[in-house]
Amino acid sequence: MHKRDFLKLLAGSIGGAILSSCTSGGLDGPGGPSGPGEVPDLPSGYRFYRIKSTGQTAPSGSAIDMFYGTAHIADNGTVTYTSRDAGLRAGIHQITVDFSEDTPKVVGERTAMEAGQTLGDGRIVDHILSVDCNADGDIAACVQAGNTAEHFLQGMYLEMGGSGFEPVIVPGTMIAQGEAKALGGFGDVDLHGSGDMIIVTDHGPQGDVRGPGQGLVYVPGGSVAGSSILMSTGDSVPGTDAAVSGIGLVDMHDGGHYVAQATADRVLQTGAESRGTPTDSETVLLRGNVGAPHDSAAIASSRSVAAAQMQGDSDYGPRTGPDGLVAHILALSAGAESLIYGPQVALTTGDPSPAGGEVLGFGPGSFGPDGVLYYTLFSRSVAGLELAAYNGRDHRILLSRGDALSDGSPPIESVIFGTTTEHVDSQGRLAFLCEFPDATSLVVGVPV
């Protein structure tokens with residue numbers, strides 16, 4: 001798969017790392033190992049197996065026409081993916097995998113949601129938009145409603161323990177103790193812990209508390225009653241003359257650490273009494289903690305905003321891991337880009353590639369439980385994406401074009417990884433997609 005084809009897949013992915021015009025750059029806060037004793041061990045290798053392929057039957061009973069890119073793995077062995085059938089019906093499906101033997105075995109499948117389904121509150125699923133899962137296999141999903149009088153626009157739903165989807169925020173929901181009202185437009189969502197969510201949503205004014213705009217809302221335990229607005233359009237970008245004008249992709253990890261892409265409008269002051277005139281939108285990467293609303297830090301930015309130590313542009317979603325560690329891809333001038341891990345530049349295009357040859361670029365990654373970053377790499381040695389791991393010191397190639405899987409499958413043609421944030425579980429097991437000569441397949445990896 002050529003890099004441009006991978007980017008097209010991301011752009012169309014349900015719940016994937018949908019590309020945006022947001023920017024990321026270098027970090028100057030927590031992250032990265034600070035000493036040799038804190039560098040996590042890299043996996044020595046993996047055994048890889050196909051568990052579901054295009055042409056095979058989804059749990060809903062229809063043959064899979066294509067995968068959308070989503071591949072989450074939970075600690076209990078549940079793999080969640082999104083696909084569509086030949087009738088163009090999209091769905092969220094789950095496979096239960098038994099990893100107790102040398103060869104993983106599928107022991108159960110279910111369809112969690114599909115287009116045309118009527119949810120418990122009467123909303124008919126027209127389209128499934130952003131999707132995320134936590135370590136228990138619970139699912140958060142943004143749903144575009146069918147054309148009914150009672151239900152309209154979009155709603156954010158949560159399913160815990162496979163018990164069916166319940167509404168969290170729908171048009172008209174009051175959020176943050178009445179600080180604002182949801183308007184029914186949503187962006188990205190991240191589900192973590194026991195139903196804790198951060199949700200990008202449009203909101204309207206409520207009295208004189210907050211004007212209309214877009215906010216990043218924290219919903220603890222899936223209950224909007226305890227929700228708070230972490231940031232909102234109009235908030236100042238710390239250390240700059242810019243204000244947040246839009247919020248893109250987000251990610252949350254243990255301890256309430258989160259990272260969010262945002263656009264920002266710089267303000268040109270025109271006089272002592274003037275509020276200023278906004279200029280063209282720029283981009284920033286903001287980090288914060290759900291325990292401190294409206295107290296984020298700008299850790300990266302476009303060069304003209306200059307909010308962080310390193311500047312550049314990025315079209316990939318940032319990732320946050322243990323202790324607020326952040327990884328992202330920093331786009332430089334003339335097509336060059338760097339893979340950033342905490343405060344470190346891990347690799348830059350033109351560097352010698354750990355796969356051989358020269359680095360051409362990167363795909364977004366996913367953190368393991370110990371801070372190892374799993375990511376995809378483009379290099380001159382292989383005409384496709386390769387799966388790699390980085391621990392803050394060393395890189396290791398785990399899977400490349402031409403490799404054969406442990407189950408005897410034909411050699412892979414390309415790796416599709418980074419389209420979601422939960423490709424890795426607490427035991428270091430992986431779930432992602434691969435292209436083969438005969439099909440595109442959902443693949444699991446078991447560390448050896």
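Cysteine 434 is buried, at a relative accessible area of 0%; buried means under 20%, exposed over 50%, and partly exposed in between, with a 1.4 Å probe and protein chains only. Cysteine 133 is buried as well, at 1%. The disulfide count is zero, taking a disulfide as a pair of cysteine sulfur atoms within 2.5 Å.

A word on the source: this is a predicted model, where local features need pLDDT of at least 70, side-chain atom pairs count only at pLDDT 80 or more, and totals for chains, interfaces and linings use all residues. Residues are numbered from 1 along each chain as its sequence is written, and side-chain values use heavy atoms, leaving out hydrogens and water.

Now the salt bridges, each a side-chain nitrogen of Lys or Arg within 4 Å of a carboxyl oxygen of Asp or Glu. There are nine. One of them joins arginine 110 to glutamate 159 at 2.9 Å, N to O. Arginine 110 lies in strand 5 (residues 105-114) and glutamate 159 in strand 8 (residues 154-159), so this pair ties together parts 49 residues apart in sequence; strands are DSSP runs of E, at least two residues, numbered from the N terminus. Arginine 110 is partly exposed at 26%, while glutamate 159 is buried at 2%.

Another bridge links aspartate 425 and arginine 429 at 2.7 Å, N to O. Aspartate 425 is buried at 3%, and arginine 429 is buried at 8%. Elsewhere, salt bridges that share partners join Asp85, Arg89 and Glu114 into one network.

Key
Helix = DSSP H or I, 4+ residues; strand = E, 2+ residues; numbered from the N terminus.
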